[in-house]
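Here are a few notes to read alongside the coordinates.

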Amino acid sequence: MPPGSFYKPKFFKHMQKEYYACAHHVGIIDISSFSKIEIKPGVRSGDSNRNSVLEYLQKMCANDVDIEIGHIVHTGMLNERGGYENDCMLIRQSRDHYFMISPSSQQTRIYDWMSRNLFADASVKLNDVTSMYTVINVVGPKATQLMSELSNSNLKLQPFIYKKLNVGYASDVMIMTFTHTGMPGYCLYVPSEYALHVYNRLMTIGRDYGARDVGTLTQRYLRIDKFIPFWGDELTSLTTPFEAGVVYSVRLDISQLKKKANFIGRAALEQQKQQGLTKRLVLFHLEDIDVDKDVWPWGGEPLYRNGEYCGTVTSAGYGFASEKLVCLGYINRSTRDTSKIITNEYIMDKSAVYHIDIAGRLFRLTQHIHPKAALGQALAEREASKTYRPTVVKFKKQFET
């Protein structure tokens, strides 16, 4: 490999500027590659009161998708083992019409999975509309001010809300209040014929708000710092929502009245909840590594607990908010342990010492199971390490005239 391939990226300073835009101003990210599928009524059945689309999605999804019109829900679509087949957002546009957003690699894969599970009576149909929309992520604390000016409306919306509006004279732009980064802002689903116009207006008007183009790798680092698992890395057909720590995306307490009793994978999740987890996703901060000189983790590195192998890094990156290298990885108990159950107490045991092996060198890790605690501890350590310096204030002598 070329020298420096696995070290600090040469474009790191550019990523820092992109992060700063997202954290303090506005970051503009192109995520048009995300797959987009409409779920609509198909052939009408004789029962006019039946909502086949809702029944179908309640069967397919682990979360409760019977939400209010104009709202958004985050859910997984699971297999019979409780593993992920899809990690998606569902937007309810009307009583029996949903718009689904999935990761980029899912366009054909999940369409095929969902098609194979359609009702035999053709009462539900799918429509792949990925190419119809350009998707622009508008991230940052000044995103609301920018979007309010562009749309000539008050956009102080609650999280996970959807609405249509005109943006810079482009009509029927779908705006959604989430960003896939854990930061405030919006996703704009722009009809493709308006894409260049809307982007141009965002960057032109956004100049006054500090708007800046932001790359996909920076977006990935934003997510990893917030402990948001990635599709294909942490969320796979062999990992469940409980193991990945996204329990909020599963509803096991829904009654038969909502036709939620038998979603695919429910039995496996109930068994796992009863018996306990044998692996858990953990966030790690690297503590004794020189980010400017040492090789960085990039995924696939072995993890150790008290000197024994316990798992593998699934994804890694730099946490700009924590100012630390960050790893995510699933850990298991030692083969010598009589119990294989992983608990919070086991992970966070103060006597447990974790390490990562990067190219043959061991580096110390600090483990976390909650993103806010991880980020809060990193910020507290940073503040504690600062040396106090008094601020010198210079006053000009006032003269009488």
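1. Let me start with strand S10, where Leu 188 is the bridge partner of Ile 175 in this predicted model. Strand S10 covers residues 185-191 and runs antiparallel to S9, to which three bridges join it.

2. On to the pairing of S9 with strand S8, residues 162-167: these two are also antiparallel, and five bridges join them. S8 and S9 make a hairpin with two residues between them, and Gly 168 in the turn has a positive phi of about 55°.

3. Is strand S9 largely enclosed or left open by the rest of the structure? It is largely enclosed, because five of its seven residues (170-176) are buried, that is, under 20% relative accessible area.

4. Tyr 189 is worth a click.

5. Now the cores. The largest nonpolar core has 52 residues, and Phe 99, Ile 101, Met 176, Tyr 189 and Ile 356 have the most contacts inside it. This core lies between domain 1 (35-128) and domain 2 (278-370), because both give residues to it. Apart from this core lies another, of 23 residues, with Ile 39, Met 60, Cys 61 and Met 77 among them.

Methods: Residues numbered from 1 in each chain as written. Predicted model: local features only at pLDDT ≥ 70, side-chain atom pairs only at ≥ 80, totals over all residues. Heavy atoms only, no water. Core = buried A, V, L, I, M, F, W, Y, C linked by side-chain atoms within 4.5 Å. Buried < 20%, exposed > 50% of the residue type's maximum accessible area, 1.4 Å probe, protein only. Domains from an automatic or database assignment. Helix = DSSP H or I, 4+ residues; strand = E, 2+ residues; numbered from the N terminus. Pairing = 2+ DSSP bridges.
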